[in-house]
Amino acid sequence: MAVSPHLDDAVFSAGGVLAVLARAGWSVRVVTCFTASVDDPCPFALSTQLDKGLPPEADYMALRRAEDTAAQRVLGTLPPVHLPLPEAPHRGYGSAPELFTPPRAGDTVGAELESLIRPHLAPADLVLAPQGIGGHVDHLITARAVAAAAPPSRTCWWRDVPYLARAPHAAGGPPSGRPVEASEVTVDIGTVLARKIAAAACYTTQVGFQFGGTERVGEVLSAVARSEACRTGGRCGHGEALRVGDRARRLLEALPPGPAGASGDGRDAADGVEGLGARS
């Protein structure tokens, strides 16, 4: 089970791992937290669709939910779950800078989210969730809810893309104060990278803003995957790195070696990735 803040985060950040698991015979599902359509959005919320060329009368989130369903089919995962919670611009975060602040004291959506995801996470052998690299408030709230609802030993924390493209050596990890093993596993996504790129390209309302156009999705995601494999010293050319609990590490390392395998901790290395802006 992967818990995605927005309708694209899981695919952009961990789509390779999800595809590897699905190809290996796992039942894989993505639960996305903030997907509610909102009537009469505030000016800033409305601007997030207008700046992507969509008319004000369009149901922006309905379009994005459809994109996500298509992307999950490409990855080979189960039909996604879309939770009816509003994104941060609909909860009083009224500008782009405000999206990258800690959750406000009056923002109680985290408790509701924790309650909604618990039934989905309870039967899962693996839980994937964002580390919160980039500091987007919805990512931070999602990480905290997963940390409260999922056993640390079964949880895998992905490194958030496209924020990672801007800062390939950004520090990240599980929410502070949670007991979790600090090991990192790099999953070889080389043979599923094309599938991840095709899935990411399904988010047609987002890729222009997040990657600079559909034609650049493959370039950016390939560069990030090369950088991650190099940074961790993974025995692969393209990888996705996860901070994992003990049971999660054992399960990932039991994946078939080579094209769909996982490798353990390694040295830090450098590989530049072109910086990008990002706003969900």
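Q: Why does Gly 245 count as buried?
A: In this predicted model, Gly 245 has a relative accessibility of 0%. Buried means under 20%.

Q: Where is Gly 245 found, and what separates its C-alpha atom from that of Pro 152?
A: Gly 245 belongs to the loop between S7 and helix H11 (246-253). Its C-alpha atom is 5.6 Å from that of Pro 152. Along the chain, Gly 245 and Pro 152 are 93 residues apart.

Q: What makes Thr 142 count as buried?
A: The relative accessibility of Thr 142 is 0%. The limit for buried is under 20%, so Thr 142 falls in that class. Thr 142 is part of helix H6 (residues 137-149).

Q: Which residues is Thr 142 in contact with, leaving aside neighbours within four places in sequence?
A: They are Val 3, Pro 5, Cys 33, Phe 34, Leu 113 and Pro 130. Contact here requires heavy atoms within 4.5 Å.

Q: What share of the residues in the protein is buried?
A: Buried residues are 55% of the 280 residues. The protein has 11 helices and 8 strands. Of the contacts with a separation of 6 or more, 83% join residues 24 or more positions apart.

Q: How many aromatic pairs does the protein have?
A: The count is 3 aromatic pairs. One of them joins Phe 12 and Tyr 203.

Q: Why is the pair of Phe 12 and Tyr 203 given its class?
A: Two values decide it. The ring centres are 5.6 Å apart, and the limit for a pair is within 6.5 Å. The planes stand at 80°, and over 60 degrees counts as edge-to-face. Therefore the pair is edge-to-face.

Q: What makes the pair of Phe 12 and Tyr 203 tie together parts that are apart in sequence?
A: Phe 12 lies in helix H1 (residues 9-23). Tyr 203 lies in the loop between helix H8 (193-200) and helix H9 (207-211). The two parts are 191 residues apart in sequence, so the pair ties them together across that separation. Phe 12 and Tyr 203 are both buried.

Q: How do you know the class of the aromatic pair of Phe 12 and Phe 211?
A: Its centres are 4.9 Å apart and its planes are at 85°. The distance is within 6.5 Å and the angle is over 60 degrees, so the pair is edge-to-face. Phe 12 is in helix H1 and Phe 211 in helix H9, so this pair ties together parts 199 residues apart in sequence.

Q: Why does Phe 211 count as buried?
A: Phe 211 has 0% relative accessibility. That is under 20%, so Phe 211 is buried. Phe 12 also has a relative accessible area of 0%. Phe 12, Tyr 203 and Phe 211 form one aromatic cluster.

Q: What makes the charged end of Lys 52 count as sitting over the ring of Phe 209?
A: The charged end of Lys 52 is 4.8 Å from the ring centre of Phe 209. The distance limit is within 6 Å, and the value meets it. The charged end of Arg 104 sits over the ring of Tyr 93, 4.4 Å from its centre. That value also meets the limit of within 6 Å.

Q: How many cavities of 30 Å³ or more does the structure hold?
A: There are 2. A cavity is a space where a 1.4 Å probe fits but cannot get out. The largest cavity has about 90 Å³. Its lining has 14 residues, and Ser 13, Arg 159, Leu 164, Glu 228 and Glu 240 lie nearest its centre. Helix H10 (217-232) and strand S7 (239-244) each supply at least two lining residues. By class, the lining has 8 nonpolar, 2 polar and 4 charged residues.

Q: Which residues lie nearest the centre of the largest pocket?
A: They are Val 38, Pro 41, Gln 49, Ala 58 and Tyr 60, from a lining of 17. Helix H2 (43-50) and helix H3 (60-75) are the elements that give two or more. H2 gives the most, with 4 residues. The pocket holds about 210 Å³ of space. Its lining divides into 9 nonpolar, 4 polar and 4 charged residues.

Q: What volume lies in the second largest pocket?
A: About 180 Å³. Met 1, Ser 27, Ala 124, Asp 125 and Leu 126 are the closest to its centre among 13 lining residues. That lining has 9 nonpolar, 2 polar and 2 charged residues.

Conventions: Residues are numbered from 1 along each chain as its sequence is written. This is a predicted model: local features need pLDDT of at least 70, side-chain atom pairs count only at pLDDT 80 or more; totals for chains, interfaces and linings use all residues. Side-chain values use heavy atoms; hydrogens and water are left out. Buried means under 20% relative accessible area, exposed over 50%, partly exposed in between (1.4 Å probe, protein chains only). On a 1 Å grid over the protein atoms alone, a cavity is a set of points where a 1.4 Å probe fits but cannot get out, and a pocket is an open set with protein on both sides within 12 Å along at least five of seven lines; lining residues have an atom within 4 Å of a point. Grid points are joined across faces, edges and corners, and a volume is the space filled by probe spheres set on the points. Ala, Val, Leu, Ile, Met, Phe, Trp, Tyr, Cys and Pro count as nonpolar, Asp, Glu, Lys and Arg as charged, and the others, Gly among them, as polar. Rings of Phe, Tyr and Trp (its six-membered ring) pair if their centres lie within 6.5 Å; planes under 30 degrees apart count as stacked, over 60 as edge-to-face and the rest as tilted. A charge sits over a ring if NZ of Lys or CZ of Arg is within 6 Å of the ring centre and within 35 degrees of the ring normal.
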